[in-house]
Amino acid sequence: MLALAECTTGEVARLARRKNAVILLPLGAIEQHGPHLPLAVDWLGAEALARAVAPHLERGGYRCALAPALPYGASPLAADWSGTVSLSGPTLRRVVGEILRALVGHGFRRFVLVNYQADPGHLAVMAAIRRDAERRRGVRVLFAGFAPTPSPAMLSPRVAALLRSARPEREWHAGELETAMMLAVRPDLVGRALARRLPPAWVDWRARLRPGTTFRRMHPRGRGYFGSPAAGRAATGRRALRLRGRLIAAELLAALQSVRR
């Protein structure tokens, strides 16, 4: 996989002429992730997921280029926690849209938005971004990770089966899986001693996830996490990334092949 920003302009021009070129654009967020994880979880997670997906796409015959990750997203659920930087929907739509328009102008036609931000406000913008981009003839925008239409691969029961949690159905934001992913990707940023002491937060977040709500309203006495961070292990994070990479790539390859036909 090429790193787009490390290429020369000539190398990018040659890549854009290839019919099998695919741009991977990681999209994350800068938002609170409990007392034990950094604000950059979704940003780092998006790039880690892109790196897990790309080798499978390349074995499927595509030439992947990893665009620089966009750290900021729409984070209304976490907007009232210190450090969260939540872009408005119109701003996010315009920024990502202009990135895609610039690359389309240089000849690229296939894009994968590798999105690790699951806030419903962010996902609504992702749907609009895809509609905007695909108005251009021949342009295709696909999603890896969290998508406006839930991805069976990202939410596969096979991923949930890797967890040690006593209640995997209640795992979510900054819980076991995200703690495990960070232990695998950037262990230096994890407050491991604190994570091991955190009690589980068993909240039925699906029932409480409605328009206008926030993490504080969903769990007023909570510390900004849902699930059991103490159960997180680096090995689980590595296995989950590998499995998600394979499953998501299979979905993407099927979608890309359908375009070719």
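This note goes through the salt bridges and the cysteines of the predicted model shown above.

1. Basis of the values. The model is predicted, so that local features are taken at pLDDT of at least 70 and side-chain atom pairs only at pLDDT 80 or more, while totals for chains, interfaces and linings use all residues. Residues are numbered from 1 along each chain as its sequence is written, and side-chain values rest on heavy atoms, with hydrogens and water left out.

2. Salt bridges overall. The structure holds 10 salt bridges, the term being applied to a side-chain nitrogen of Lys or Arg within 4 Å of a carboxyl oxygen of Asp or Glu. The pairs described below are among them.

3. Arg-63 and Glu-58. These two residues form a salt bridge in which the closest N and O atoms are 3.1 Å apart. Arg-63 has a relative accessibility of 24% and counts as partly exposed, and Glu-58 is likewise partly exposed, with a relative accessible area of 24%; on the scale used here, buried means under 20% relative accessible area, exposed means over 50%, and partly exposed lies in between, with a 1.4 Å probe and protein chains only.

4. Glu-98 and Arg-101. Both residues lie in helix H3, which covers residues 89–105, and they are 3 residues apart, or about one turn of the helix; helices are DSSP runs of H or I of at least four residues, strands are runs of E of at least two, and both are numbered from the N terminus. Glu-98 is partly exposed at 39% relative accessibility, and Arg-101 is partly exposed at 44%.

5. Asp-188 and Arg-186. The salt bridge between these residues has its closest N and O atoms 2.7 Å apart. Asp-188 counts as exposed at 53% relative accessibility, whereas Arg-186, at 31%, counts as partly exposed.

6. A linked group. Arg-93, Asp-132 and Arg-135 are joined in a network of salt bridges, and a reader inspecting one of these side chains may wish to view the three together.

7. Cysteines. A disulfide is taken as a pair of cysteine sulfur atoms within 2.5 Å, and by this rule the count comes to 0 disulfides. Cys-7 is in no disulfide, the nearest cysteine sulfur being that of Cys-64, 13 Å away. For Cys-64, too, the closest cysteine sulfur is that of Cys-7, and the 13 Å between them is too far for a bond. Cys-7 is buried with a relative accessible area of 18%, and Cys-64 is buried with a value of 0%.
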